[in-house]
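I opened this notebook to record what I looked up in one model.

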Amino acid sequence: MSQGRPVGMSAKQWLEENGIKEKAYYYWLRKFRREAYNQTQLPT
């Protein structure tokens, strides 16, 4: 079973149904994306 949101459900609906605050979700999303980006950069 997939842990992602169902097809056709908006991110906002999914967050509300799972008791997650939208601001917190986007904060952590940015943080994880930034870390992933930093790990993919080659050292100079």
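**Basis.** I worked on a predicted model, in which local features need pLDDT of at least 70 and side-chain atom pairs count only at pLDDT 80 or more, while totals for chains, interfaces and linings use all residues. I number residues from 1 along each chain as its sequence is written, and side-chain values use heavy atoms, with hydrogens and water left out.

**Whole chain.** I looked up the secondary structure and found two helices and zero strands in the protein chain; both are DSSP runs numbered from the N terminus (helices H or I, at least four residues; strands E, at least two). Along the principal axes, the C-alpha atoms fill a box of roughly 45 × 25 × 15 Å. I noted that 5% of the 44 residues count as buried (under 20% relative accessible area; exposed is over 50%, partly exposed in between; 1.4 Å probe, protein chains only). The chain exposes about 4500 Å², of which carbon and sulfur atoms supply 55%; such areas come from the Shrake-Rupley method with a 1.4 Å probe, and for residues only the protein chains shown count as cover.

**Nonpolar patch.** I then asked which residues make the nonpolar surface patch of about 240 Å². They are Ile20, Tyr25 and Tyr26. A patch takes residues with over 30% relative accessible area and no salt bridge, and joins nonpolar side chains (Val, Leu, Ile, Met, Phe, Trp, Tyr) within 5 Å and like charges within 9 Å; a salt bridge is a side-chain nitrogen of Lys or Arg within 4 Å of a carboxyl oxygen of Asp or Glu. Ile20 lies in the loop between helix H1 (11–17) and helix H2 (22–40), and is partly exposed at 35%. Tyr25 at 31% and Tyr26 at 34% are partly exposed as well.

**Aromatic pairs.** My search of the whole structure gave three aromatic pairs. Rings of Phe, Tyr and Trp (its six-membered ring) pair if their centres lie within 6.5 Å; planes under 30 degrees apart are stacked, over 60 edge-to-face, the rest tilted. Tyr25 and Tyr26 form an edge-to-face pair, with 4.9 Å centre to centre and 75 degrees between the planes. Trp28 and Phe32 form a tilted pair, at 5.8 Å and 35 degrees. These two are separated by about one helical turn, because they are four residues apart in helix H2. Trp28 is partly exposed at 41%, whereas Phe32 is exposed at 56%. I also recorded that ring pairs link Tyr27, Trp28 and Phe32 into a cluster.
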